[in-house]
Amino acid sequence: MLRSSSAPTAAGPAKSGPSASAPSIFGWLSRHLTLLVFIALVAAVLLGQFAPATAIRMEPLGTWFVNVIKVFIPFIIFLTIVSGISGMSDLKKVGRIGIKALVYFEVVTTLSLTIGILLAYWVKPGRIDKTGLPTGDIKKYANAGAKGFDWGHFFATNLTLQVLLLAIIVGIVISLHPKRQKALPWIHLATRWVFVVLKYVMYLAPVGAFGGMAYTIGKFGIRTLKPLAMLMATVYGTMIVFIFVVLGLILRYFKFNIWTYLKNIREEILIVLGTSSSEAALPSLMAKLERMGCSQPVVGLVVPTGYSFNLDGTSIYLSMSVIFLAQLYNVPLSMGELLSILAILMITSKGAAGVTGSGFIVLASTLTAIQKIPVEGLAFLLAVDKFMSEARAITNIIGNGVATLVIAKSEGEFNPADSGLVTITAG
């Protein structure tokens, strides 16, 4: 097993250590955090609907919370991976986990792209009159998309991947060093303190969720959804089908229960719903997966990598958007062209991580490569993109959690303890 008994595992209260003397108010917040986030989201929707001007001014609460969480992400990724790898004796297993994760990502991502295309063709959300549809300015996305997909730029602007690579190198160096046993306690202590501080920051999740949702409803208004209601319904419906059918079957094969898994990460789902950012829940998701029973090195390797290469929700959205625009402009697509779109999206979808508006840049580059569907159609999608970003982010975070459970279970790096995640029936 790669799990180290001294490694910190959760952001929850510890029986000993720096968090043991936390006031009772924090214990109450910890027990009721899910309910508080839900109440904050309901209040935000009501404020956005009935006092939009005031709701728009709540935006800094949401952006501030997400930005604070982002500060923790590099430290958590680095310390978790270094701690896990440096405490291992089998470095070959690290390489095997990494390769297995990338293969899994590519298979599931391709499947999500295919499902998006098939359901878009079946439902036909683009068979509507585009006259009078709300539009947005797409110049910056179209210009960026015309440059095509650049792997060098993708890596240079992706801090998560940079930290991941650095952590792997440092972890291997420490693992091979003769005095690694002296360094491990300090790494474990630093990791524990980062999670302790993060635990207190997460108590502000209701505030962040309130600010993000209030701004979205106040700024764009629910009424803007009506013209593109069919597209919205199709995207949300497809992602629900993907989660409960595709991911549900994958989990079932590995003797997990999708409902129990979703219940375990309900706080993270609500946080993502409010902030429209899957990054806001990344540190908390990593802690939850360790508490469920996944070993620290697997969580540290799979989750950060998945945030760049396993964007199931984004893949569904991209493929459906391309077909939607083709239907909106009555552009017929042959089977060869559909396969070309799938192949292009398999590459370009990997660049839709971490940067606001990157999804539109990917769409613009895809449409430019196809040279058949007008790029100007992105203006229609821009009008309702904010309302679909929640579905993308939630599906992304659920998918990355599933990937981690699958890799951990297949590598014998899952120890459920008392999480209750494993189904009662043995396979």
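Is the crossing of α4 and α19 left-handed or right-handed?

Reply: The crossing of α4 and α19 is right-handed. A crossing is called left-handed if the near helix is turned anticlockwise from the far one by less than a right angle, and right-handed if clockwise.

First, some ground rules. This is a predicted model, in which local features need pLDDT of at least 70, side-chain atom pairs count only at pLDDT 80 or more, and totals for chains, interfaces and linings use all residues. Residues are numbered from 1 along each chain as its sequence is written, and side-chain values use heavy atoms, without hydrogens and water.

The protein chain holds 19 helices and 0 strands. Both are DSSP runs numbered from the N terminus: helices are H or I with at least four residues, strands are E with at least two.

Now the pair itself. Two packed helices are described by the angle between their axes and the distance between the axes. Helix α4 covers residues 91-123, and its axis lies 10 Å from that of α19, at an angle of about 135 degrees. Axes are lines fitted to C-alpha atoms, for helices over the stretch in contact, and angles run from 0 to 180 degrees between N-to-C directions. This angle makes α4 oblique to α19. Under 35 degrees counts as roughly parallel, over 145 as roughly antiparallel, 65 to 115 as roughly perpendicular, and the rest as oblique.

Which residues meet? From α4 come I97, K100, A101, Y104 and F105; from α19 come V402, A403, V406, I407 and S410. Contact means heavy atoms within 4.5 Å.

Follow the chain past each helix. K124 sits in the loop between α4 and α5 (139-146). Its phi is near 60 degrees, a positive value in a residue other than glycine. Most residues other than glycine have a negative phi. K124 is partly exposed, with a relative accessible area of 38%. Buried means under 20% relative accessible area, exposed over 50%, and partly exposed in between (1.4 Å probe, protein chains only).

At the other helix, F414 lies in the segment after α19 (385-410), while F256 lies in the loop between α10 (229-253) and α11 (258-264). These two rings form an aromatic pair, edge-to-face, 5.0 Å centre to centre and with 80 degrees between the planes. The pair therefore ties together parts that are 158 residues apart in sequence. Rings of Phe, Tyr and Trp (its six-membered ring) pair if their centres lie within 6.5 Å; planes under 30 degrees apart are stacked, over 60 edge-to-face, and the rest tilted. By this rule there are 5 aromatic pairs. Both F256 and F414 are buried.

K409 lies over the face of F256, 4.9 Å from the ring centre. A charge sits over a ring if NZ of Lys or CZ of Arg is within 6 Å of the ring centre and within 35 degrees of the ring normal. R392 gives a second case: its charged end sits over the ring of Y317, 4.2 Å from the centre.

α3 (residues 59-86) and α14 (residues 296-309) have axes that come within 8 Å and cross at roughly 140 degrees. That makes α3 oblique to α14. Here the crossing is left-handed.
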